[in-house]
Amino acid sequence: MGASILIARNLSKVVPSAEGELTILHRLSLELRQGDSLAIVGASGSGKSTLLGLLAGLDLPSAGSVTLAGQDLGSLDEDQRARVRAEHVGFVFQSFQLLDSLNALENVMLPLELDGRKDAREHARSLLERVGLGQRLSHSPRQLSGGEQQRVAIARAFAAEPAVLFADEPTGNLDSHTGERISDLLFELNQERGTTLVLVTHDERLAQRCRRLIRLDAGHLVMPLEA
Amino acid sequence: MARLPLLRLCSLALRQLLRDARAGELRVLFFALLVAVAASTAIGYFGARLNGAMLLRATEFLGADLLLQGSSPARPEQLQAGMDLDLGHARVVEFSSVVAGDTGIQLSSIKAVDGAYPLRGELKSAAQPYGAEVRGGGPAPGEAWVEPRLLVALNLKIGDNIDVGSKSLRMTRVLTYEPDRAGDFYSLTPRVLINLADLEATGVVQPGSRVSYRELWSGTPEALASYRNTIKPGLEANQRLQDSRDGNRQIGGALGKAERYLNMASLVAVLLSGVAVALSANRFASRRFDASALLRCLGLSRRQALLLFSLQLAMLGLLASLSGALLGWLAQLGLFYLLGGLLPNVVPAGGLLPAIAGIGTGLVALTGFALPPLAALGRVPPLRVLRRDLLPVPPSTWLVYGAALLALALIMWRLSLDLVLTFTLLGGGLIAALILGGLLLFGLQSLRRLLAGASLPWRLGLGQLLRHPLAAAGQSLAFGLILLSMALIALLRGELLDTWQNQLPKDAPNYFALNILPAEKDSFAERLKDFSALGAPLYPVIPGRLTHINDEPVRHIVSKDSSGDRAIQRDLSLTWAAELPPGNTLLAGTWWNAQAQDSLPGVSVEAKVAESLKLKLGDRMIFSVGGMDREVRVTSLRTVNWDNFQPNFFMIFEPGTLKDLPTTYLTSFYLAPGHDLQVVELSRAFPAVTILQVEALLEQLRSILAQVTLAVEYVLLFVLAAGLAVLFSGLQATLDERIQQGALLRALGAERRLLVKTRRIEFGLLGAASGLLAALGCELISLALYHYAFDLTWSPHPWLLALPVVGAVLVGGAGIFGTRRALNATPLTVLREG
């Protein structure tokens with residue numbers, strides 16, 4: 001196992017609400033090494049997605065710090081954080097989040113182009129072939145099934161060879177059979193490329209495939225990280 | 001919640017409206033209605049106030065109760081009839097003549113009045129330009145009252161002398177107001193008011209001169225009616241009676257046309273805003289499906305739910321309409337300001353009616369365009385709270401289009417438009433839109449293929465356009481048409497007169513001389529030769545009016561507003577010539593020498609006038625000339641080159657046929673610039689001769705054209721605003737999607753710069769396509785106009801290439817403004833969706 005790639009220290013998130021301040025996350029710390037896999041589970045509203053957003057630099061904590069690939073996210077502005085995401089982070093979402101105005105190949109090319117890679121097209125094509133969609137390159141997202149769309153999304157997530165891949169309910173919108181195959185693909189690629197995987201899920205079976213697991217309850221960590 | 005009182009429903013609606021006020025679609029809806037109401041209110045006020053001014057002129061501003069007007073003096077028995085009835089009487093003689101100062105000449109409109117003038121209203125004058133106005137009085141013999149601009153033109157001051165013909169007059173006062181000039185929209189030449197007693201001494205008015213004689217009468221209605229009945233049967237063809245009812249029925253040509261175009265423009269603005277209203281009302285409805293379903297679940301009846309949302313829209317509509325009416329009222333002030341010099345000084349306020357009508361337009365548009373999507377809200381099944389995919393039954397097509405059409409018809413009726421013209425334009429526009437839209441779509445698709453290998457922002461921007469190709473083509477077309485109309489008007493205003501002038505031969509005549517008396521004919525020609533002025537031949541001119549064609553009165557033959565109508569509404573300048581004048585070409589028939597023997601003398605008619613009067617070779621015409629009827633036969637038709645500044649004529653008679661009548665001569669000549677003193681000398685030597693300076697006339701024409709087109713462009717700004725409303729409402733529909741896309745791109749690591757660039761490309765392309773369309777359209781239309789309508793040589797207008805840039809900046813700016821929320825979307829949004 002390599003060096004620490006993602007470190008969270010005393011993360012808190014407080015938001016204003018009608019009844020005063022609402023604490024969504026409560027002084028939470030964790031540390032992940034290169035190649036680790038972590039599942040975040042918990043009931044709805046327990047703060048899973050908030051934690052994911054903070055770890056990925058999509059949002060800033062009220063207190064505490066996140067260090068991703070050696071960079072303290074709290075000291076960066078939004079565009080600088082975007083730069084860090086472009087270089088080190090990949091995403092897989094529950095609702096796939098493909099751009100309708102681009103075809104499958106272009107969707108996968110997107111993070112490569114954001115990273116300024118010259119070989120975006122070739123690399124994206126080989127990735128789509130790897131996830132079994134070599135024949136669907138010029139299809140638009142609307143012409144693809146849910147499973148196929150998530151494969152495109154996974155190809156996109158791995159395209160820029162991210163250090164950390166965040167997945168938010170990656171099988172949530174899929175039937176169990178398709179979901180199974182998608183999670184196989186996700187873990188295969190995770191192993192192949194040595195990516196660190198952070199996933200939020202309701203699916204206990206998916207969570208059990210991760211090396212480590214935390215459970216959140218009302219913003220508190222109830223199951224500590226295991227080695 | 002079985003029964004909800006209306007009042008509670010109203011307050012609920014108001015509270016919801018205030019809460020929703022920040023929602024984009026309500027703001028766009030507000031904006032669209034504002035534009036529609038402001039445009040129609042402004043035009044409504046313009047029309048109403050203009051008509052009011054006309055009416056004022058007709059009732060108060062004749063200077064008399066009854067007016068007998070003619071191009072020859074009234075006959076003694078016509079005057080006696082009035083005296084017998086004890087009517088009040090005053091006499092006015094009006095004509096154009098050159099007024100000479102020490103250093104220059106100025107064509108002026110001379111009005112000679114007697115001591116009784118005016119019978120109704122009062123003159124106003126001042127001792128010095130812009131001095132205090134004094135009412136009443138009139139010029140004594142030997143005096144002249146002049147408009148300030150004459151002083152400016154001749155560089156003189158009050159107290160100096162001017163020559164009118166051979167009479168020298170002292171300018172004693174500045175004329176500031178004449179009761180019977182209020183509606184005289186074409187005050188092209190400055191007014192000089194003199195005493196009737198000085199008229200003869202000027203020597204200007206000679207038999208055959210173009211003069212307007214006016215006998216003013218006042219008295220009791222009975223006496224006036226009796227007078228009218230007495231003299232009506234004996235009226236000459238050149239005489240007419242005017243009272244308040246006959247007053248000026250039509251607005252001067254250019255203004256009337258301008259009003260029509262303004263009306264058209266406001267209709268287009270209302271139509272476009274209607275589309276924006278429909279789009280944003282649709283979004284208003286679809287975003288409230290959940291709320292509606294929930295309210296139904298909570299026990300609100302279908303009717304109550306519908307009422308709640310209708311009330312919300314009605315409140316919004318009322319607020320927008322009131323603001324729009326206020327804005328429209330302010331805007332028409334600007335319109336009157338722009339048209340300043342062309343309009344009477346006193347324009348009535350216009351009342352509340354145009355504002356109410358404007359508000360009505362807004363509410364009708366809201367009802368017509370928003371009712372169908374709103375009706376869907378009432379039909380949202382309550383089960384939607386469990387199953388979000390449940391959509392209301394779509395409203396019947398009849399309801400959707402019926403309501404919109406009804407609204408449209410009502411608005412058009414309100415604006416009382418020329419329906420044939422409107423439908424022709426709308427129909428033509430629709431067909432053009434379909435063809436151009438197809439081309440645009442094709443263009444976008446090929447661009448997409450072409451740019452497959454282009455950089456990311458280009459592919460993203462283009463991809464977004466192609467996500468909604470119909471909307472993109474529609475928006476681009478709408479802006480294209482708006483830019484096209486603005487550019488075309490600018491082009492015609494700026495270039496037409498210049499082009500025409502530039503294409504004239506260098507030594508084309510720049511002066512016209514009218515009213516040359518037969519006795520002075522030879523010495524005038526001699527003097528021209530001394531100045532080495534290049535002159536055209538002198539043509540005899542006799543004013544005459546066409547009364548009958550083949551024994552049928554011409555009034556029955558020609559249609560209103562045609563050029564034929566204009567030819568019979570006034571005296572024509574008749575001439576005779578032995579030879580076909582240069583620049584004329586025979587189209588049909590023969591010139592005199594090869595003429596078959598006929599008892600009737602022959603006449604050669606200009607082909608276009610012949611067409612509008614439906615004249616053929618061999619037709620008989622009767623002219624009233626100098627109080628006598630002359631019958632002639634059409635023996636030839638000819639075309640005339642009107643642009644050569646040579647004297648040209650509609651009707652040329654066989655030589656000898658008009659010889660016995662009082663004749664004056666007409667010619668044109670070229671005098672190199674800088675010879676003003678020679679013209680002064682000429683006008684002193686020949687006081688009766690009217691010398692027109694072509695350049696000065698063109699300059700006046702240019703300034704009128706500039707004013708009118710400026711007014712039309714001003715109203716086109718409303719159309720532009722309506723176009724922006726359509727763009728914004730279209731953007732609203734895609735905003736959620738854009739926010740999501742922006743958030744995703746941010747999550748994947750895109751910097752804000754990339755998003756901005758993408759938007760710039762998307763909307764810039766859209767605007768550039770509009771501009772390109774406008775530039776091409778403008779060139780095509782101008783080519784056709786130059787070639788067919790104006791007979792000018794066309795050359796391309798490189799400045800039109802600025803249109804794509806203008807379009808890109810305009811639409812680009814508006815597009816980025818309309819989607820700024822998508823640029824600022826936090827990347828966290830992608831996690832919340834789901």
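How many bridges join S4(A) to S5(A)? Two bridges join these strands, which run antiparallel; strands pair if DSSP finds at least two bridges between them. Helices (H or I, at least four residues) and strands (E, at least two) are DSSP runs, numbered from the N terminus.

This is a predicted model, in which local features need pLDDT of at least 70 and side-chain atom pairs count only at pLDDT 80 or more, while totals for chains, interfaces and linings use all residues. Residues are numbered from 1 along each chain as its sequence is written, and chains are lettered from A and ligands numbered from 1 in the order in which they are written.

**The sheet of chain A**

Let us start with the strands. In chain A, four of them form an open sheet, in the order S2-S1-S4-S5, with antiparallel pairing. S2 and S5 (71-72) of chain A are at the edges with a single partner strand each, so one side of each is left without a neighbour in the sheet. A hairpin of two residues leads from S1(A) to S2(A). The table gives the pairings, each with a pair of residues that stand opposite one another.

| Strands | Bridges | Opposite residues |
|---|---|---|
| S1(A) (residues 4-17) and S2(A) (residues 20-33) | ten | Val14(A) and Thr23(A) |
| S1(A) and S4(A) (residues 63-68) | five | Ile7(A) and Thr67(A) |
| S4(A) and S5(A) | two | Leu68(A) and Gln71(A) |

H1(A) lies across S1, S2 and S4 of chain A and runs at about 125° to S1(A). Such angles run from 0 to 180 degrees between N-to-C directions, with axes as lines fitted to C-alpha atoms, for helices over the stretch in contact.

**Where the chains meet**

The contact between the chains takes 25 residues from chain A and 22 residues from chain B; residues are in contact if their C-beta atoms, placed from the backbone, lie within 7 Å. On the side of chain A that touches chain B, helices H1 (48-55), H2 (78-88) and H3 (104-114) of chain A each supply at least two residues. That side divides into eleven nonpolar, six polar and eight charged residues. Here Ala, Val, Leu, Ile, Met, Phe, Trp, Tyr, Cys and Pro count as nonpolar, Asp, Glu, Lys and Arg as charged, and the others, Gly among them, as polar.

**A helix pair in chain B**

Over in chain B, H9 (residues 302-338) and H10 (residues 353-378) pack at an angle of about 155°, with their axes 9 Å apart. H9(B) and H10(B) are therefore roughly antiparallel to each other, a term for angles over 145 degrees. Their contact comprises 15 nonpolar residues, eight polar and one charged.

Key: Angles under 35 degrees count as roughly parallel, over 145 as roughly antiparallel, 65 to 115 as roughly perpendicular and the rest as oblique. Two residues are in contact if their C-beta atoms, placed from the backbone, lie within 7 Å.
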